[in-house]
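Trainee: Before we look at the model together, could you show me how to read its features one at a time, with the general idea ahead of each case?

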Amino acid sequence: MIKRNFLLLMASGQLSREEALECTRCRHACHVMLYSDTKSQLFGKFPIRHIILMQMRFDGLLGFPGGLVDPSKETLEEGLTRELSEELGLPLPISVEDHVESCFAPPSSPPFSSPFSSRLMLHFYVKKIEEEQIREVERVAASTATDHGQEVLGMVRVPLYTMKSGGGLAHFLSHSFIGNARSQLVSSLLRFNMASLEELRKALTRSQEIHSQNAESLRAALSLTGAQRKQL
Ligand SMILES: O=c1[nH]cnc2c1ncn2[C@@H]1O[C@H](COP(=O)(O)OP(=O)(O)O)[C@@H](O)[C@H]1O
């Protein structure tokens, strides 16, 4: 229990929704993790347990649906609901009760902080919906949502299982995420009891190894382009 609390606090610098809104010079962005329970199994043997939606963004990074909101013109939740209708193509009202945490964006997040740009405040929400609603979101997001193929390249589900080969959560966590989306995912998995602390520690440790292997394979790919250039 102590360890769990520690991990939740790890994403430090957390503020309440009200404290975060006191920063009137900040830009504010709201994102939401939509999820459902499921009884389905992968290959009939790996329980999927929960369907969690993330998206592949225009910049090649993984993140949650949402976007920038102007609190002087709309509430955070109205703004997030508006963003969702553009990105997912259907009304999915988000309320204050779905708010989980707010914090300043990590300094490296775009738009990159400079003495002249205002700081970015990130507000995170989690909303549980029915499995059928998740399927509908996926259908509509890929067909009629205005942002499909532009700002959003596709919705993706987070694999929560770990296969004998090691495939699953560790590989997913080793991808590149926007801002603090990876920590938002990890702390939500703990907070909502979707993964144990031990599972997450193992997956994150394995993700670091995968990351080093990826660096090797990137070097190989780069040298391939060098060889091709010589041939031209
Ligand atoms: O899933 C996320 N979690 C945390 N921060 C995010 C996430 N997605 C985007 N951000 C941060 O919020 C900023 C604005 O978000 P986004 O790019 O979705 O808004 P926009 O589409 O309105 O421009 C991004 O530049 C990035 O720093």
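Trainee: How many salt bridges does the count come to, and by which rule?

Mentor: A salt bridge is a side-chain nitrogen of Lys or Arg within 4 Å of a carboxyl oxygen of Asp or Glu, and by this rule the count comes to 15. This is a predicted model, in which local features need pLDDT of at least 70 and side-chain atom pairs count only at pLDDT 80 or more, whereas totals for chains, interfaces and linings use all residues. Residues are numbered from 1 along each chain as its sequence is written, and side-chain values use heavy atoms, with hydrogens and water left out.

Trainee: Which residue forms a salt bridge with Arg49, and where do the two lie?

Mentor: The partner is Glu199, with the closest N and O atoms 3.1 Å apart. The pair links distant parts of the chain, 150 residues apart, since Arg49 sits in the loop between strand 3 (46-47) and strand 4 (50-57), while Glu199 belongs to helix 7 (residues 197-231). Helices (H or I, at least four residues) and strands (E, at least two) are DSSP runs, numbered from the N terminus.

Trainee: Which residues are linked with Glu83 in a network of salt bridges?

Mentor: The network links Glu83 with Glu74, Arg82 and Glu86. Within the pair of Glu83 and Arg82, the closest N and O atoms are 3.5 Å apart; Glu83 counts as buried because its relative accessibility is 10%, whereas Arg82, at 30%, counts as partly exposed.

Trainee: How should I read the pairing of strand 8 (residues 120-128)?

Mentor: Two strands pair if DSSP finds at least two bridges between them. Strand 1 (residues 27-37) runs parallel to strand 8 and is joined to it by 9 bridges, with Tyr125 as the bridge partner of Val32. Strand 7 (residues 99-104) pairs with strand 8 in the antiparallel sense over 5 bridges, and here Met121 is the bridge partner of Phe104. Strand 8 is mostly covered, with 8 of its 9 residues buried.

Trainee: What should I look for in helix 6 (residues 181-191) and just after it?

Mentor: In general, an α-helix has 3.6 residues a turn, so residues three or four places apart point the same way. Helix 6 is mostly covered, with 8 of its 11 residues buried, among them Ala181, Gln184, Leu185 and Ser188. Just after helix 6, Asn193 takes a positive phi of about 55°.

Note on methods:
Buried means under 20% relative accessible area, exposed over 50%, partly exposed in between (1.4 Å probe, protein chains only).
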